Amino acid sequence: MARLALTATAIAPVGYTYAFVAAFNDAWSTMLWLLLGSTTLVVVCLWVLKTTRSTRAPAAERHRITTVEPADRENMAIMLLYLLPLFTADFGKLNWIMWIPTIAIFAFIAVTSHSYFFNPLLGAFGWHFYRVGTPQNVTNILITKRTIRKGDQTINGIELGDYVILETE
C-alpha cells in the first residue's frame, strides 16, 4: 500500500500541472477533477505514511546505519515530466495519445523499480529522504520526518519494500 501511495503522489504534480493548463484554457471542470484527484492521492499517501509510522503500527525493527546522504539529487528528470504540459499553450491541443501512455509508463517504472521513494510533494509536508548505509554494505532509502546529519546511529523503522525504510515515531 505504501509503495502504491508513494508512486501515486509522485505522479500527482503532473495532475496539478495539467490543472494549471486547463484553467488557462477555461476547462474548469477538467481542472477541478484534476485538482481533486491529485489532492486525493496526496492525502491518501500522507495518511498511509502517518498510519504506518504511528505507535499503533506493526512493531518496528531497529536498523543500524553507518552513512547518510540526501536521496533527492536525481530529481531533474522527474521535474521535467511535471513541467512538460506547460509547453503546450492550448489544453485542447494536448496529445493525450502521447501523454497518457507516458504517465502510465512513468508510474509503472516508478512502482516496479526502486525510484518510487523520490517524492517532491512529501518534502513540502516535512518528509526527508536519505540514502543510508548499513554495516552489511547495503544502501537503503530512509524516509523520515527529521533531519539526519550523521551516520553511525540506530533508528527504528518499518521496511516499506525492498531497500526502503520508514522511520517510526
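Two strands pair if DSSP finds at least two bridges between them. Helices (H or I, at least four residues) and strands (E, at least two) are DSSP runs, numbered from the N terminus. In this predicted model, local features need pLDDT of at least 70 and side-chain atom pairs count only at pLDDT 80 or more, whereas totals for chains, interfaces and linings use all residues. Residues are numbered from 1 along each chain as its sequence is written, and side-chain values use heavy atoms, with hydrogens and water left out. The chain contains five helices and six strands, arranged along the sequence as α-α-β-β-α-α-α-β-β-β-β.

**Confidence**

- The mean pLDDT (the predictor's confidence in each residue, from 0 to 100) is 81 for the chain, and 76% of the residues score at least 70.
- Where pLDDT is low, the predicted coordinates should not be read in detail.

**Overall burial, contacts and surface**

- Of the 169 residues in the chain, 44% are buried; buried means under 20% relative accessible area, exposed over 50%, and partly exposed in between (1.4 Å probe, protein chains only).
- Among contacts (heavy atoms within 4.5 Å) with a separation of 6 or more, 67% are between residues 24 or more positions apart.
- The chain exposes about 9600 Å², of which carbon and sulfur atoms supply 64%; accessible areas come from the Shrake-Rupley method with a 1.4 Å probe, and for residues only the protein chains shown count as cover.

**Strand pairing**

- Strands β1 and β5 run antiparallel and are joined by five bridges.
- One of the residues concerned is R62, whose bridge partner in β5 is N156.
- Strands β5 and β6 also run antiparallel, with four bridges between them.
- G161 stands opposite V164 in β6.
- The hairpin of β5 and β6 has two residues between the strands, and Y163 takes a positive phi near 65° there.

**Salt bridges**

- The structure holds two salt bridges, each defined as a side-chain nitrogen of Lys or Arg within 4 Å of a carboxyl oxygen of Asp or Glu.
- One of them joins the side chains of D152 and R64, at 2.6 Å from N to O. Because D152 lies in the loop between β4 (139-144) and β5 (153-161) and R64 in strand β1 (residues 61-65), the pair ties together parts that are 88 residues apart in sequence.
- D152 is exposed, at 51% relative accessibility, while R64 is partly exposed, at 39%.
- The side chains of R146 and E167 form a salt bridge at 2.9 Å, N to O. R146 lies in the loop between β4 and β5 and E167 in strand β6 (residues 164-167), so this pair ties together parts that are 21 residues apart in sequence.
- R146 is partly exposed, at 34% relative accessibility, whereas E167 is buried, at 8%.

- M1, V44 and W47 make a nonpolar surface patch of about 360 Å². Patches are made of residues with over 30% relative accessible area and no salt bridge, with like charges joined within 9 Å and nonpolar side chains (Val, Leu, Ile, Met, Phe, Trp, Tyr) within 5 Å.
- W47 belongs to helix α2 (residues 28-53) and is exposed, with a relative accessible area of 53%.
- C45 also lies in helix α2, but C45 is buried, with a relative accessible area of 0%.
- Beyond its neighbours within four places in sequence, C45 contacts A5, L6, T9 and L122.
- The C-alpha atoms of C45 and A8 are separated by 7.7 Å, although these residues are 37 residues apart along the chain.

- L142, in strand β4, is buried, with a relative accessible area of 0%.
- Leaving aside neighbours within four places in sequence, L142 is in contact with H128, F129, Y130, V132, I148, I155, I165 and E167.
- The C-alpha atoms of L142 and V132, 10 residues apart along the chain, are 6.5 Å from each other.
- T134 is in the loop between β3 (128-133) and β4 and is buried, with a relative accessible area of 11%.
- Apart from neighbours within four places in sequence, T134 contacts R64, T66 and N140; R64 is also the salt-bridge partner of D152.
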